[in-house]
Amino acid sequence: MIFLTVGTHEPFDRLVRCVDDWCGARGVGTRVFGQITKNAQYNPRNFEAVSTLEPDDYSERFRMAEFVISHAGMGSIIMAQSMKKPIVLLPRRGHLRETRNDHQFATVKRFGSRAGVFAAQEETELTELLDRVSKGDVSGGEEVPAFADVQLIDVVKDFIHAGGRKSQGD
C-alpha cells in the first residue's frame, strides 16, 4: 500500500490531483490510499480516499505503507524517518495560496537531501519521483533518534540560561 496524506488542516488538491493522475496513467490506484481532509475540492477517481482517520488508523496505515506521499509537513517527515519509510514530498506553495507562506518549500530545501526523503518542487518532478520510488529501488533513510543531539541541547540550555540572567538584570 502507498499512503497519501495531506495533513489534517488544509486541503492540498494540487497534490491529490497529481497522485490521482499518476494512478490513472500507471494503473496503480488499487495500491494507493489517501487521507485528503474534509475541505478538499478535488475528489480522486483512481484511488480510495477518506477525509480523516483516527490516530491509530493513521499510524497503522503509515506503518503498513511501502512509501508515503505527503505535503512537506514536519510531522509527516519525522514520522516517515522514525519508521524508516521512504517519503515523497510536494510542498504547499504560498504564491498558489495553498498555505500562508513558503515554509514548506523551505522545509523541502532543508530536508530534501536526507536519505529516504524524495522532494519534488513541481508536479512534473513528483511524477518522476513516484515512478522511481514505486519501483522500490530506494531506502527508507536513517532512523530519527529519540532524543536531540547533545550539542543542540547544550545550545538551548545556554540560550535559556543567558536569557534568564538578562531578565534578572545580569
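User: In this predicted model, which residue in E3 does phenylalanine 33 stand opposite?

Analyst: Phenylalanine 33 has glutamate 48 opposite it in E3. The pairing belongs to a parallel arrangement, in which three bridges join E2 to strand E3 (residues 48–50).

User: How many bridges join strand E1 to E2, and do the strands run parallel or antiparallel?

Analyst: Strand E1 (residues 2–5) runs parallel to E2, and four bridges join them. As an example from this pair, leucine 4 has glycine 34 as its bridge partner in E2.

User: Which residues have the most contacts inside the largest nonpolar core?

Analyst: They are Leu4, Leu15, Val19, Ile69, Val88, Leu126 and Leu130, within a core of 26 residues. Two or more residues of this core come from each of E1, H1, strand E4 (67–70) and helix H5 (123–134). H1 gives the most, with six residues.

User: What is isoleucine 69 in contact with, leaving aside its neighbours within four places in sequence?

Analyst: With those neighbours set aside, isoleucine 69 is in contact with Ile2, Phe3, Leu4, Thr5, Leu15, Val19, Val88 and Leu130. There is also a second, separate core, which has 15 residues, including Phe33, Ala65, Val68 and Leu89.

User: Is serine 70 buried or exposed, and why?

Analyst: The classification rests on relative accessible area, and a residue is called buried when the value is under 20%. Serine 70 counts as buried because its relative accessibility is 0%. This serine 70 is found in strand E4.

User: What does the side chain of serine 70 reach, and which residues is serine 70 in contact with beyond its neighbours within four places in sequence?

Analyst: The side chain of serine 70 reaches the backbone oxygen of threonine 5 at 3.3 Å. Beyond its sequence neighbours within four places, serine 70 is in contact with Thr5, Leu15, Ser76, Ile87, Val88, Leu89 and Leu90.

User: How far apart are serine 70 and phenylalanine 12 in sequence and in space?

Analyst: Serine 70 and phenylalanine 12 are separated by 58 residues in sequence, and their C-alpha to C-alpha distance is 9.5 Å.

Key
Residues numbered from 1 in each chain as written. Predicted model: local features only at pLDDT ≥ 70, side-chain atom pairs only at ≥ 80, totals over all residues. Heavy atoms only, no water. Pairing = 2+ DSSP bridges. Core = buried A, V, L, I, M, F, W, Y, C linked by side-chain atoms within 4.5 Å. Buried < 20%, exposed > 50% of the residue type's maximum accessible area, 1.4 Å probe, protein only. Contact = heavy atoms within 4.5 Å. Polar contact = N/O pair within 3.5 Å; in protein donor to acceptor, adjacent residues only side chain to side chain.
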